[in-house]
Amino acid sequence: MNTVREKLGSIPLLFVKGRSLGAVPSCYFPVPRTVLQFFRTMASNENKTPETRQPGPKKAKQKEPLRRVKTKEDRVRRGEGHGPSTAYVQVVGAGSRDNSASLYVFSEYNRYLFNCGEGTQRLMQEHKLKAARLDNIFLTRLSWENVGGLSGMILTLKDTGVPECVLSGPPQLKNYLNAIKSFSGPLEDIKLSVRPYTEEAYSDETMTVHQVPIFGHLKGDGRKFSPKSGGSSPPPSPPGGDGGERGEKRRATRDDSLLVSFVCKLHPKKGNFLVAQAKELGLPVGTSAIGPLIAALKSGRSVEYEGKEIRPEQVCTPTDPGPVFLVVECPSEDFVEAVCTNEQLRRHQAAAGEDSAALVAHMAPEGVLSTDQYRQWMQRFPPTTQHLILNEQVGAVHNVRSHKIQAQLNMIHRDIFPELQSYRSKEAAAELLVPSVRAECLLKFQLRPVMEWQRDAVPSCCAEDFVKEASEVPGFLEAVERCGKVCSTDAAPPAGAEHPEVVFLGTGSALPMKIRNVSGTLVNISPSQSLLLDCGEGTFGQLCRHYGDAVDEALCKISSVFISHQHADHHTGLLMLLYQRERALRTLGKTFSPVDLLAPGHIMNWLGQYHDYCEEILHHINLIPNKALCDGSEAPGQRTSALIQALLKKNDLEKFQTCAVRHCKNAFACSFTHRAGWKLAFSGDTMPCDAFVHTGKNATLLIHEATLEDGLEDEAVEKRHSTTSQAIGIGMRMNADFIMLNHFSQRYAKIPLFSEDFSDRVGISFDHMRIRFSDFKILPRLVPALKTLFAEEIGEMEVRRERRELRNPRGSGSSEATRRDREEAEPQGQQAKRPKTS
């Protein structure tokens, strides 16, 4: 679609690529407006990570990365001592319940990110928003909604080769960085530092950024609650919670009242030299003598040539002083007065002058936008100011590739691959006093060269198009028809066969990708009780997309969570799940109760630090250490024994058992037996493990990781994972009735390679796949249709395998051969399997 470009002056409508966004008052902007861009100068006193910083003499400031030095030298050589020519603000997460608000700022010199909730890096990977230059991340508040994806993003930046990253915002971010090192390791390959709001303004090649602290007036004791919940009552104090001296210390180190807004101003851009006018005035255009004259004129100085004075305005367009944009979060009504009366923000409401705001991004729920004070505050900005709203009142789809593959799999079996849903906010949209634009994923507001909204990158999500595309795959419709006939011959499932039900929320490994999210499996034991096996980043978002408006009911049923080990792709979705579960219980009027958390005991190092310095979380859980459920372990204490008995009773289980497995320190698998007689075994991450064979003996269903294909046994040993045939072999030794493979390397984004050991007792998991025990006969019969749909991908993987076998004829999977194969398979130049540290 062609771009409709208009200056934002003397026109009734503001046009964008794709459609009109609505009426705006008549206005005029100097053309062109300068694009805002973030400066990347590091705070000099934050060179060392908080964990290693010690009192004493300061070390010399770290040298700038060679990339940045060369960029600056090139600009000086070209005489470009001014701001960027191209810059825009782009929506990543629009603020929906499954994708919290985040913004990506681009210029030809720098990249920046505002807020980094869960799923941010998955969206950036899917929509090709590069992270290679992302070395400044700005956080408006130390809330899990804003920092939930930050640990994974830091690991990705480290893997990408970004040498340093600075976090700007609340000073407690230092404590957050210390806390994530309890599971991420030392992060020695990337220099991390915090630039608190008390630091001076940050400036780099693109723009200057001022941090504006805002302190709200919290009701009650300021406990953590979801600002999007629509309620204002904090949860009750937990038994044995933050009491006494330690409780006072914790409340002193947390600061729930602090917000940080950001005022960003692009550097001025010199005007353009007008060649035609220069020729008319007799300047030596086209000769070597013109260079110094142009430099002087563009700098605003008059020159004399052949006895004639030439003024800059005669041959140059006006200098663009650089537009200003604001990023403002107001999460609840407790902050409205503080935001609306802030003097630093008020100066950008002036109707004229360089400080007048061109754009204000409002990260605020409808309840805030509906208050008279906030509506009037928005109205005080000039009519030329554009207002971008990011909150749950969003109807746009973010994860388009998930919807696409699910729509195509749905053609194979409608029950096993149900269509994805969307959560719709029940809050009424606020009636604002000024025109505004609702955020959509990838919506842009261009600051330079022309100030305009652009919708050409906003993804479309049309199930009919996805179905049509699959229908054009040779032989697919015929394979689907054959599959339907074969499946219809099976007898109808007996009454009561709806449970247990297993929903695969994340079936990939290492890091979230566009098709497979990281580990998470929901087991709906009964109509009222559910148990979650692992909870990687974005698990709650997957629940939203699977259940839609019914997500609150699904959350309320989750009473137990098993975490196999402390690698980031298995547990960093836990906090969002707990906070949203609390919101769901309150929304549905149900009594709050903690979740039984079955996890390695060391997880309390992470949760305790986050609780002490960031937000309350410990009252959400009752910890049952995995080790306490192992055969032969020491008898647990009285409290742990009582928790185990309560766990078994409310889930109607006879036994819940764990065992240590061969992956990293404190890695566990589990199995649990229902009173109805069925048994489910879950491997977590592991190499083939005899202890797990014993623990899962005679399981009705085994869910086993199959990270790598056959032929990559050496790499599997190196990463301490299993290959496809190894996982199937464990199931056969276990005498499992059925084996579901999951936790695939992201190099197998759509489908893994099949091995010769596949049989009618083996199935492949996909995100949002839903199975019951009555589906065991059906699952192997879906394989022909799956192979047809993904024939192209399977062909490419087989070619890579053949090349590897040619390089390594004996098939022993040498390290060099597997390295080459991995490089060929890595999506978007990223590592398909991130090295992990515990």
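In what order do the seven strands of the open sheet with mixed pairing follow one another? In this predicted model, the order is β9-β10-β11-β14-β15-β16-β17. The edges of this sheet are taken by β9 (202-203) and β17 (437-438); each has a single partner strand, so one side of each is left without a neighbour in the sheet. Within the sheet, β15 (residues 357-363) and β16 (residues 386-390) run parallel and are joined by five bridges.

Helix α13 (residues 372-379) lies across β14 (324-329), β15 and β16, and runs at about 160 degrees to β15. Four residues of α13 are buried, namely Y374, R375, W377 and M378. These residues cover an arc of only 160 degrees around the axis, which means that they are on the same side of α13. In an α-helix there are 3.6 residues a turn, so residues three or four places apart point the same way. The buried residues of α13 pack against the strands β14, β15 and β16, and also against the helices α10 (336-340), α11 (343-346) and α12 (366-369).

A further open sheet is made up of six strands with mixed pairing, in the order β26-β27-β28-β29-β30-β31. Here β26 (653-660) and β31 (762-764) stand at the edges; because each has a single partner strand, one side of each is left without a neighbour in the sheet. From one strand to the next, the twist averages 15 degrees. Strands β29 (residues 701-705) and β30 (residues 738-742) pair in the parallel sense, over five bridges, and I703 has M740 in β30 as its bridge partner. Helix α25 (residues 724-734) lies across β28 (679-682), β29, β30 and β31, with a direction at about 150 degrees to β29.

Strand β5 (residues 111-114) pairs with two strands described here. With β4 (residues 102-107), the pairing is antiparallel and extends over four bridges; F106 stands opposite R111 in β5. Three residues lie between β4 and β5 in the hairpin that they form. With β6, the pairing of β5 is parallel and extends over three bridges, and F114 has F138 in β6 as its bridge partner. In a regular strand the side chains alternate between the two faces of the sheet.

Contact between helices is illustrated by α5 (residues 173-184) and α21 (residues 603-613), whose axes come within 8 Å and cross at roughly 170 degrees. Angles over 145 degrees count as roughly antiparallel, and α5 and α21 are therefore roughly antiparallel to each other. On the α5 side the contact involves N175, Y176, N178, A179, I180, S182 and F183, which meet N605, W606, Q609, Y610 and Y613 in α21. The residues of this contact divide into seven nonpolar, five polar and no charged.

Several backbone features occur in loops. A cis peptide bond joins R448 and P449, with omega about 5 degrees; P449 is found in the loop between β18 (444-448) and β19 (452-454). The peptide bond from H499 to P500 is likewise cis, with omega near 0 degrees, and P500 lies in the loop between α16 (476-488) and β20 (501-506). Positive phi in a residue other than glycine is found at K128, where phi is near 60 degrees. K128 is placed in the loop between α2 (120-126) and β6 (134-138) and counts as partly exposed because its relative accessibility is 48%. For D652, which is not glycine, phi is also positive and near 60 degrees. D652 is found in the loop between α22 (638-650) and β26, and is partly exposed with a relative accessible area of 32%.

For the protein as a whole, the secondary structure comes to 28 helices and 32 strands. Of the 838 residues in the protein, 60% are buried. Among contacts between residues at least 6 apart in sequence, 73% join residues at least 24 apart.

Note on methods: Residues numbered from 1 in each chain as written. Predicted model: local features only at pLDDT ≥ 70, side-chain atom pairs only at ≥ 80, totals over all residues. Heavy atoms only, no water. Pairing = 2+ DSSP bridges. Axes fitted to C-alpha atoms, helices over the stretch in contact; angles between N-to-C directions. Contact = heavy atoms within 4.5 Å. Buried < 20%, exposed > 50% of the residue type's maximum accessible area, 1.4 Å probe, protein only. Arc of directions from axis to C-beta. Parallel < 35°, antiparallel > 145°, perpendicular 65-115°, else oblique. Nonpolar A, V, L, I, M, F, W, Y, C, P; charged D, E, K, R; others polar.
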